Amino acid sequence: MTTAASTTPSTGSASVAVAAGPSTRPRRALDWRLRFGFLSLIWGFSFLLIKVGTESYAPFQVTLGRLAFGTAVLAVAIAVKRERLPRGVRTWAHLTVAALLLNALPFSLFAYAELTIPSTLAGICNATSPLWGMALSLVALSEDRPTRVRVAGLGLGFLGVLTVLGAWQGFSGLDARGTTLALLASLSYPIGWIYVRRTLAGSGGSALSMTGAQLFLATLQLAVVTPVFTNFPTRFPLLPLLAIAALGALGTGLALLIQYGLVTEVGPTTAQMVTYFIPVIATAAGVALLGESLTWSTPVGAVIVLAGAALTQARRKA
């Protein structure tokens with residue numbers, strides 16, 4: 001039986017689709033609901049951590065640090081479990097593209113976006129990934145036929161986006177560049193998923209080893225780009241540095257390990273429900289801890305976006 005690794009649209013969850021054997025559901029020391037809640041918190045706080053990191057470090061530096069810490073966590077897990085890294089030039093070539101589309105590019109875009117937009121708005125923009133995915137699947141995945149409910153969800157979701165952005169006010173007070181970068185970041189995820197689905201599904205590697213390799217390649221990409229576009233820091237403020245370390249080690253590395261456990265234990269559908277908690281937590285964290293302003297249109301629009309995203313994931317009953 002071939003399954004796909006969960007690719008929840010979040011700031012740290014993008015992972016490749018791989019072949020897997022029959023699902024076994026080992027008993028865990030910690031109830032899956034607690035791990036689900038912890039995963040929601042980690043990914044929800046990721047936008048706050050990005051904001052704190054970019055206060056003292058360039059966006060590319062934040063992304064490079066995030067990927068490096070995340071890769072280190074997965075490298076330890078791979079070594080402990082004695083997983084074998086992917087083989088074959090073709091597989092590594094596809095993983096390089098996946099690393100760009102699912103990690104290096106969206107992570108960098110979110111970091112640049114949060115230079116000019118609040119973390120709350122970035123978190124809500126991230127929730128549009130299922131909407132972009134639905135729209136793209138109509139064109140790119142002929143086997144993924146839409147239903148009226150899913151199309152309605154697509155329209156509802158983008159209505160929610162317009163509500164968040166205050167379209168009736170002419171987008172007054174909105175930083176167009178930062179918002180566009182955040183929306184492009186959320187668009188990059190489904191493009192990457194479709195690419196992975198077409199090239200790496202059924203490749204035979206484990207989800208852990210494939211994603212570890214993917215993060216490693218994304219780290220190399222940022223290691224090449226960052227020195228070209230940024231200057232080496234002359235000082236290293238501690239709090240932003242700790243935020244970057246937490247963003248990588250917890251929000252990327254550990255989060256992926258938790259996600260794999262949830263997918264194995266309760267299945268990808270339930271595990272992907274974490275997507276709908278992320279903007280709620282991101283908004284609460286930004287308002288409570290960073291003092292970001294919140295107008296009525298932001299939470300109302302976010303609810304509409306999430307409702308639309310949920311409808312786009314509805315499947316025909318067998």
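D31 counts as partly exposed because its relative accessibility is 35%, where partly exposed lies between buried (under 20% relative accessible area) and exposed (over 50%), using a 1.4 Å probe and protein chains only. Keep in mind that this is a predicted model, in which local features need pLDDT of at least 70, side-chain atom pairs count only at pLDDT 80 or more, and totals for chains, interfaces and linings use all residues. Residues are numbered from 1 along each chain as its sequence is written, and side-chain values use heavy atoms, with hydrogens and water left out.

**Salt bridges**

- Searching the whole structure turns up two salt bridges, each being a side-chain nitrogen of Lys or Arg within 4 Å of a carboxyl oxygen of Asp or Glu.
- Here is the general idea: side chains of opposite charge can pair when their charged atoms come close.

- R33 counts as exposed because its relative accessibility is 53%.

**The pair R35 and E265**

- In the salt bridge between R35 and E265, the closest N and O atoms are 2.5 Å apart.
- R35 lies in helix α1 (residues 32-53) and E265 in helix α9 (residues 238-266), so this pair ties together parts that are 230 residues apart in sequence; helices are DSSP runs (H or I, at least four residues), numbered from the N terminus.
- Are these two residues buried or exposed? Both R35 and E265 are buried, and R35 counts as such because its relative accessibility is 12%.

Key
Helix = DSSP H or I, 4+ residues; strand = E, 2+ residues; numbered from the N terminus.
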